[in-house]
Amino acid sequence: MSDRPLAIAVASGKGGTGKTCVAASLLVTVPGLIGADADVEEPNLSILLGAEPYESSLVETPLPIIDQDRCDRCGECVKACRFGALNMFGDSFPAPNDLCHGCGVCSMVCPKNAITETGKPIGEIRLCRGNGLNIFEGRLHVGMPNPVPVIHATVEAAMAEKRNLVIDCPPGTSCPMVAAVRRADMVVLVTEPTPFGAADLDLALQVIRNLNKPAMIVINRADLGGADIDSLGRRYSVPVAARLPFSRSIAESYARGNPPASMDPQWKEAMLSIWESTERMSGN
Ligand code: SF4
Ligand code: SF4
């Protein structure tokens with residue numbers, strides 16, 4: 001048995017399945033958890049939990065600066081940039097645009113050592129507190145194209161607390177979702193039994209299998225729609241951990257800003273069961 005802190009990532013292939021409901025419900029049910037809102041393009045976990053920003057720090061990525069006294073406009077940096085992030089028109093000097101991912105390749109290939117780097121703010125991490133909970137909330141600045149560094153920084157800041165953690169992941173199955181789940185001990189995939197829910201869950205299960213992460217499925221609004229989520233889970237050897245039926249009173253309460261587990265015993269029981277399964281599978 002080990003007592004190392006555990007991290008559960010709550011993800012969904014599809015938006016609107018109730019992912020944040022599940023993350024918030026875990027936080028209000030299992031004592032001692034902290035949260036990380038890695039849905040950095042639309043963070044709302046702290047709103048649902050009534051937590052207010054307490055302090056914040058910027059997230060920066062490296063941005064190349066061209067020394068025009070050294071640059072001979074050879075164009076090697078422009079050719080090397082796989083993101084199309086350096087503009088060079090006619091005999092102008094290269095100039096970075098918003099597509100820059102801060103990978104540093106341009107400065108490595110420059111034969112004149114004409115490229116240095118400065119920090120470019122692309123987002124922030126807010127520590128939000130309220131109702132006895134601490135939430136690390138990542139926020140991507142408006143117009144920034146790459147949320148991944150903000151997601152990494154948010155999860156790392158929360159993990160540095162060395163406490164059991166719930167990560168609310170971005171929806172979908174692309175780089176932001178992968179960035180949010182990669183440090184987790186367990187991935188909870190929230191879905192709904194509709195053809196769209198099943199199709200997107202299939203994609204999410206493929207990603208999780210490729211990452212070799214233990215996972216479980218939560219079927220939300222389990223009595224609406226007829227898609228066979230159980231068979232899909234069996235195909236990937238991922239169990240269905242909870243089936244939560246639609247409830248108008250829960251939906252109304254959620255709309256007023258209350259996590260379902262704060263008012264519904266079935267939700268509360270499901271959250272405890274998910275946490276206990278995670279502890280068991282992690283050897284804690
Ligand atoms: S590789 Fe260096 S010298 Fe060549 S265009 Fe880019 S900055 Fe200028
Ligand atoms: S740091 Fe990377 S992404 Fe940015 S301009 Fe240089 S090569 Fe392109």
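Two residues are in contact if their C-beta atoms, placed from the backbone, lie within 7 Å. Keep that in mind for the views below, which come from a predicted model where local features need pLDDT of at least 70, side-chain atom pairs count only at pLDDT 80 or more, and totals for chains, interfaces and linings use all residues. Residues are numbered from 1 along each chain as its sequence is written, while chains are lettered from A and ligands numbered from 1 in the order in which they are written.

**View 1. The whole chain, to get our bearings.**
The protein chain has 10 helices and 11 strands; helices (H or I, at least four residues) and strands (E, at least two) are DSSP runs, numbered from the N terminus. Along its principal axes the C-alpha trace spans about 70 × 40 × 40 Å. Among contacts between residues at least 6 apart in sequence, 73% join residues at least 24 apart. Of the 284 residues, 45% are buried. Here a residue is buried if 20 or more other C-beta atoms lie within 10 Å of its own, exposed if 12 or fewer, and partly exposed in between, with C-beta atoms placed from the backbone.

**View 2. The open sheet, strand by strand.**
Nine strands form an open sheet with mixed pairing, in the order E3-E6-E7-E2-E8-E1-E9-E10-E11; two strands pair if DSSP finds at least two bridges between them. Strand E3 (52-66) and strand E11 (240-244) stand at the edges with a single partner strand each, so one side of each is left without a neighbour in the sheet. On average, neighbouring strands of this sheet are turned by 20° against each other, direction ignored. Axes are lines fitted to C-alpha atoms, for helices over the stretch in contact, and angles run from 0 to 180 degrees between N-to-C directions.

**View 3. Strand E2 and its two partners.**
E2 runs parallel to E8, with four bridges joining them, and Gly35 stands opposite Val166 in E8. E2 also runs parallel to E7, this time over three bridges, and the bridge partner of Ala36 in E7 is Phe136. In a regular strand the side chains alternate between the two faces of the sheet. Both faces of E2 are covered: Ile34 and Ala36 are buried on one side, and Gly35 and Asp37 on the other.

Strand E6 (residues 115-130) pairs with strand E7 (residues 133-140) in the antiparallel sense over eight bridges. Gly123 stands opposite Leu140 in E7. Most residues other than glycine have a negative phi. Asn131 counts as exposed because it has 10 C-beta neighbours inside 10 Å.

**View 4. Helix H5 across the sheet.**
Helix H5 (residues 148-159) lies across E1, E2, E3, E6, E7 and E8, running at about 165° to E7. Its buried residues include Pro149, Val150, Ile151 and Ala153, and what covers the buried residues of H5 includes E2, E3, E6, E7, E8 and helix H6 (175-181). At 1.5 Å a residue, the 12 residues of H5 should span 16 Å, which agrees with the 16 Å between its end C-alpha atoms; the expected span is 1.5 Å times one less than the number of residues.

**View 5. Helix H7 and what follows.**
Among the buried residues of H7 are Gly197, Asp200, Leu201 and Ile208. The cover over the buried residues of H7 includes E1, H6, E9, E10 and H8. After H7 comes Asn212, whose phi is positive, near 60°.

**View 6. The surroundings of the two ligands.**
A residue is near a molecule if its C-beta atom, placed from the backbone, lies within 6 Å of it. Of the 13 residues around ligand 1, Cys71, Cys74, Glu76, Cys77 and Cys110 come nearest. That shell divides into eight nonpolar, one polar and four charged residues. Ligand 2 is surrounded by 13 residues, the closest being Cys81, Ala85, Cys100, Cys103 and Cys106; its shell has 10 nonpolar, three polar and no charged residues. For these classes, Ala, Val, Leu, Ile, Met, Phe, Trp, Tyr, Cys and Pro count as nonpolar, Asp, Glu, Lys and Arg as charged, and the others, Gly among them, as polar.
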